[in-house]
Amino acid sequence: MNCDTEAKIWQSDPCASVLAALNRHGVRYVLISGQACVHYGATQFTKDVDLWIESSEANLRRLTSALRELAARQRFLPPLRSEFLARGHAVHFEVETEAGTYRVDLMTRPPRVDAFDAAVRDSVESSVSGVRCPVVD
């Protein structure tokens with residue numbers, strides 16, 4: 001994807017831009033919650049994206065690089081560290097878009113789910129504005 005294409009996607013679909021940055025950095029994630037519901041046919045508009053991320057230190061480093069690329073800033077505590085994620089805390093960021101602030105909510109232990117690897121294996125491959133992503137099944 002070239003810079004002009006990326007800029008157009010960012011203007012029209014911030015979710016796709018977040019997913020594209022994660023993909024470029026090799027972050028292991030699964031799309032969950034509202035945006036996943038949209039994949040399955042819900043007519044819902046959300047100003048955020050909820051992601052289930054793998055909790056390994058290597059993945060958190062890749063995630064940190066992607067968030068830096070997006071100029072994301074942390075919205076609430078706790079900080080993006082494995083010990084907080086392991087306890088089930090979500091970590092919240094926001095990025096500025098031409099349409100306003102867009103939230104990125106990250107977690108490693110969403111409620112009522114099994115293991116991350118099982119979720120990845122069972123996920124459905126989808127696309128958000130042309131950006132491929134795994135969606136929780």
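How many helices and strands are there in this chain? There are six helices and seven strands, where helices (H or I, at least four residues) and strands (E, at least two) are DSSP runs numbered from the N terminus. Okay, before we go on: this is a predicted model, so local features need pLDDT of at least 70 and side-chain atom pairs count only at pLDDT 80 or more, while totals for chains, interfaces and linings use all residues. Residues are numbered from 1 along each chain as its sequence is written, and side-chain values use heavy atoms, with hydrogens and water left out.

From the N terminus, the elements go α-α-β-α-β-α-β-α-β-β-α-β-β. Of the 137 residues, 46% count as buried, meaning under 20% relative accessible area with a 1.4 Å probe, protein chains only; exposed is over 50%, and partly exposed is in between.

Now let's look at strand β2. Six of its six residues are buried. In a regular strand the side chains alternate between the two faces of the sheet. Here, D48, D50 and W52 sit on one side, with V49, L51 and I53 on the other.

Who are the neighbours? β2 pairs with β1 in the antiparallel sense over four bridges, and with β5 in the parallel sense over five bridges; strands pair if DSSP finds at least two bridges between them. V30 has W52 as its bridge partner in β2, and L51 stands opposite L106 in β5.

Next up, the cores. A nonpolar core is a set of buried Ala, Val, Leu, Ile, Met, Phe, Trp, Tyr and Cys residues joined through side-chain atoms within 4.5 Å. The largest one has 31 residues, and L19, L22, L51 and L63 touch the most other members. Helix α2 (14–24) gives the largest share of this core, seven residues. Apart from it lies another core of six residues, among them W52, M107, F116 and A119.

That brings us to the rings. A search of the whole structure finds one aromatic pair. It is W52 with F116, edge-to-face, 5.8 Å centre to centre and 75° between the planes. For the cut-offs: rings of Phe, Tyr and Trp (its six-membered ring) pair if their centres lie within 6.5 Å, and planes under 30 degrees apart are stacked, over 60 edge-to-face, the rest tilted. W52 is in β2 (residues 48–53) and F116 in helix α6 (residues 116–122), 64 residues apart, so the pair links distant parts of the chain. Both W52 and F116 are buried.
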